[in-house]
Amino acid sequence: MRWLKWRMNGLLAIAILLDVAAVSFYLLSVIKPETVQRFFPQSMPEYVNGVSVVLASLSGVLFVYVAFLGQRWQMLFQQQEIRDNRKEIRFSTGELRIRIETLANQVMQMDGDVICQTFFRMLDHWCMVRDSVRYTPIINRPDQQKSGHFGNKRVAIEKAFVCFFEDLIHWVDDEERGWRQTMDLSKEKQFYSENGYAWQARPFGLAPIGEAANLRLLTSSPLTKDEMAFLIRTVPTGTAFDAYLRLGFQLFFFMMDKNLSHYLPIIEAGMGRHERTFLFYQLATQFEGKERKKTKDWLQQNGFLAGIPTQELLSPEHGSFFIQSAAEGPK
């Protein structure tokens with residue numbers, strides 16, 4: 001555009017000079033006609049008028065051309081201005097996009113921080129509830145009556161899970177208030193009204209189930225998943241584990257909803273041996289219903305408790321209750 005401006009200014013100067021020359025020549029012919037007459041001795045007025053008209057016409061043409069060039073220069077200037085504005089808009093848009101992405105990343109980071117903070121608060125609360133568990137062992141067990149072991153003393157934390165499994169094994173063979181007690185129709189109805197689910201009879205011919213001291217069931221007397229589910233549900237525990245299990249479900253559901261599977265190994269690493277076994281049986285047999293089943297399937301998919309040794313279970317066959325089904329995926 002610079003060269004066009006120079007050309008326009010040059011032509012404008014020539015047009016002005018031609019215009020000045022036309023006027024000057026005409027005035028000269030009026031003021032000093034003798035000077036002009038020397039160049040045009042014959043028919044001076046016609047020559048003077050002709051030269052003045054030619055010069056003025058040339059000047060007018062140049063003025064028109066300069067005006068055209070001026071319009072063109074203005075159009076080019078406007079186009080350049082539009083291009084500059086577009087570049088500035090693109091640059092501003094790019095900066096705005098970067099700012100939006102940065103802000104989105106900051107929001108995501110803040111959301112992630114809030115989620116992590118919420119998770120660790122829930123985990124801390126769950127651990128505090130776990131540490132506050134107080135379990136009262138069943139007091140009518142023969143070994144407790146002879147040795148005075150625990151009696152009606154409430155035990156805490158890891159020992160509570162140990163006593164639960166000891167009570168479960170003894171309850172299976174207890175003839176007074178356990179699984180071997182004689183049940184008639186009235187007692188079954190009473191059991192249903194008190195618990196909300198039906199009594200499940202002990203398998204006929206089932207041998208004494210095991211030794212509580214070793215926390216093992218005899219391999220000659222295996223129990224199915226449904227039978228274990230009934231035992232886990234029925235062995236008297238009072239409300240010792242209720243808050244622990246409710247908060248545990250809410251914690252796992254929150255982790256599933258926020259995709260926090262990478263924290264599962266941390267949770268498992270913080271569990272004691274018998275707590276891990278206790279939670280294994282709870283997940284395998286008690287996590288029913290739409291939301292709990294969905295949460296259990298998610299835990300299986302992410303290998304939670306998949307590394308628990310079979311010797312820590314009540315029976316080696318029980319590994320299939322939860323661990324092996326992880327490879328099959330959710331049903």
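**Before you click**

This is a predicted model, so treat it as one: local features need pLDDT of at least 70, side-chain atom pairs count only at pLDDT 80 or more, and totals for chains, interfaces and linings use all residues. Residues are numbered from 1 along each chain as its sequence is written, and side-chain values use heavy atoms, with hydrogens and water left out.

**Stop 1**

Side chains of opposite charge can pair when their charged atoms come close. Here a salt bridge is a side-chain nitrogen of Lys or Arg within 4 Å of a carboxyl oxygen of Asp or Glu. How many salt bridges does that rule give? The count is nine.

Select Arg130 and Glu275. Their closest N and O atoms sit 2.7 Å apart, a salt bridge. This pair ties together distant parts of the chain, with Glu275 in helix H10 (residues 273–286) and Arg130 in helix H3 (residues 44–131), 145 residues apart. Helices here are DSSP runs (H or I, at least four residues), numbered from the N terminus.

Buried or exposed: which is Glu275? Glu275 is buried, at a relative accessible area of 2%. Arg130 counts as buried too, at 12%. The cut-offs are under 20% relative accessible area for buried, over 50% for exposed, and partly exposed in between (1.4 Å probe, protein chains only).

Asp131 is partly exposed at 34%.

**Stop 2**

Move to Lys293 and Asp297, whose side chains meet in a salt bridge (3.2 Å, N to O). Both lie in helix H11 (residues 290–301), four residues apart, which is about one turn of the helix. Asp297 is buried at 9%, while Lys293 is partly exposed at 25%. Back at the previous stop, for contrast, salt bridges with shared partners join Arg130, Asp131 and Glu275 into one network.

**Stop 3: the cavities**

Rolling a probe the size of a water molecule over the atoms shows where empty space is left. A cavity is a set of points, on a 1 Å grid over the protein atoms alone, where a 1.4 Å probe fits but cannot get out; lining residues have an atom within 4 Å of a point. Grid points are joined across faces, edges and corners, and the volume is the space filled by probe spheres set on the points. There are two cavities of 30 Å³ or more.

For the largest, select Phe165, Leu215, Arg216, Arg273, His274, Thr277, Glu312, Leu313 and Leu314, which line it. Its space comes to about 60 Å³. H10 supplies the largest share of this lining, three residues. By type, the lining splits into four nonpolar, two polar and three charged residues. For these classes, Ala, Val, Leu, Ile, Met, Phe, Trp, Tyr, Cys and Pro count as nonpolar, Asp, Glu, Lys and Arg as charged, and the others, Gly among them, as polar.

The second largest cavity has a volume of about 30 Å³. Select its lining: Trp126, Tyr244, Leu245, Gly248, Phe249, Phe252, Leu279 and Phe287. Helix H8 (residues 242–257) gives the most, with five residues. This lining has seven nonpolar residues, one polar and no charged.

Val129 is in helix H3 and is buried at 13%.

**Stop 4**

Most residues other than glycine have a negative phi. Select Asn259, where phi is near 55°, a positive value. Asn259 sits in the loop between H8 and helix H9 (264–269), and it is exposed at 55%.

Then jump to Leu305, with a positive phi near 65°. Leu305 lies in the segment after H11. Its relative accessible area is 0%, so Leu305 is buried.

**Last stop: Val20**

Finish on Val20, in helix H1 (residues 2–31). Val20 is partly exposed at 46%.

How values were computed: Helix = DSSP H or I, 4+ residues; strand = E, 2+ residues; numbered from the N terminus. 1 Å grid on protein atoms, 1.4 Å probe; cavity = no way out; pocket = protein on both sides within 12 Å on 5 of 7 lines; lining within 4 Å.
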